[in-house]
Amino acid sequence: MSAIILGIESSCDDTSAAVIKDGYLLSNVVSSQAVHEAYGGVVPELASRAHQQNIVPVVHEALKRAGVTKEELSAVAFTRGPGLMGSLLVGVSFAKGFARSLNIPMIDVNHLTGHVLAHFIKAEGEEERQPAFPFLCLLVSGGNSQIILVKAYNDMEILGQTIDDAAGEEAIDKCSKVMGLGYPGGPIIDKLARQGNPKAFTFSKPHIPGLDYSFSGLKTSFLYSLRDWLKDDPDFIEHHKVDLAASLEATIVDILMDKLRKAAKEYKINEIAVAGGVSANNGLRNAFQEHAEKYGWNIFIPKFSYTTDNAAMIGSAGYYEYMAGVRAGWDLNAVPNLKLGEKSLRGRIDS
Ligand code: KG4
C-alpha cells in the first residue's frame, strides 16, 4: 500500500510542514518566528498569530517542493501536544479542515514521540542508520530533559526526567539571557563555548537520586556567581564571555551524561540516541562521541535539521502510525501538557 502523509508541526514558534511518501521524506519546510527575538523568549500570543499567517503558505510550499498535489495525500499527521495551546490549535484546526475537505484521515502525533522518531526519518541520498529496539534516547528539547526507554515505535517509557527546570529553555536560554546574549541562547552559547575554557568556572551540580534531572540549582548558582563577580568587575561578562559559556555548557553536558551513563548501565543497553533542540549542541555531540569510544556505545545523533522543531519528524512518526492503522477522531482537541505515551482521548473516528 502506497501512502503519502502531510506532516504539520506548530507546537511552539516554528510553523512546519513536510511530505512523506512510503516512509521517505520528500520535503520539509520550516518557518521560524523571528518576532520573539526582541522579547528574549517565546510570546505565546504572538506565536499563535504568526502560525495563523504562516500555515497555509508553508503547507503550499511543502506540497510544491514534494511535487505532490493535495488530492494525492493519504492522511494528515499533526502535533497534538505538548506545546503552547494557541500554537497547537492552529495546526490541529488546519489539519482537521484540510483532512475533512479531502475526505482523508488524520493522525495525531505526540511532539516528544516525534523528536525520538526523528531517528527513523528516511530521505533519498541520506545514510539509513537507525537504532535497534530497545534503545535509550536522551530527549533534550526546549521544555524537556528526559531519558526514554524506546521499546518500539509506539512503546516508550520515561526512565528519568527533570523534576524542575529543563536544560534548554530554562538553564541554557535563561543563563544566556542573564548574560545579555540573544534569543534563543542555545546556538549562541554553543558558538561562544567553542572558544572558551570549560574548566574556567565551576557551577553547582544536583544530587538527585535515580535517573531524574534537576537544573534549577545550576541556574541559581550561575545567577548568584555572576551577581558577585559583577560587583568586583562591572564588565565581567564581556571579559569572560567565552569561558562562562564554555563552563556553563560543560556543566550541563556533564549533568546530562552522568544520568545517561547510569541508565545505560542499569538497563544494560548500549544503543544510545539523542534528540531535541539541545542535541544540536556541539559539546553534547562531542560527549556522545567520547562515550561511544570509551564505553562502546552505539550512538545515534540526528541531522541538525531534525533536532529543532520540524514537521519531518511528525510526518515520519505519523507514517508509522498510519501503517499501524491508527486514526484520530474528528472531535479530538490539542493537549498542551500531553505526556509521552498518552493515547487516551483520541476522539471519535466515525463522526
Ligand atoms: O526541540 P526544540 O526546537 O523545541 C522544543 O520542542 O522545545 O528545542 C529548543 C531548545 C532551545 O532551548 C534552544 O536554545 C536549544 O534547543 N538549542 C540549543 C542549540 N540549538 C538549539 N542548545 C544548545 N546548543 C545548540 N546548538
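A salt bridge here is a side-chain nitrogen of Lys or Arg within 4 Å of a carboxyl oxygen of Asp or Glu. Keep that in mind as you explore this predicted model.

Select Asp108 and Arg80, whose side chains meet in a salt bridge with 3.3 Å from N to O. Asp108 belongs to strand E5 and Arg80 to strand E4, so the pair ties together parts that are 28 residues apart in sequence. Both Asp108 and Arg80 are buried.

**Second stop: the sheet itself.** Now show the five strands of this open sheet, which follow the order E3-E2-E1-E4-E5 with mixed pairing. Which strands stand at the edges? They are E3 (24–32) and E5 (106–110); each has a single partner strand, so one side of each is left without a neighbour in the sheet. Zoom in on E2 (residues 14–21), which runs antiparallel to E3 and is joined to it by eight bridges. There, Ile20 stands opposite Leu25 of E3.

Select Lys219 and Asp165, a salt bridge with its closest N and O atoms 3.1 Å apart. Lys219 sits in helix H6, while Asp165 is in the loop between strand E8 and helix H4. Lys219 counts as buried because its relative accessibility is 18%, and Asp165 does too, at 14%.

Notes
Residues numbered from 1 in each chain as written. Predicted model: local features only at pLDDT ≥ 70, side-chain atom pairs only at ≥ 80, totals over all residues. Heavy atoms only, no water. Pairing = 2+ DSSP bridges. Helix = DSSP H or I, 4+ residues; strand = E, 2+ residues; numbered from the N terminus. Buried < 20%, exposed > 50% of the residue type's maximum accessible area, 1.4 Å probe, protein only.
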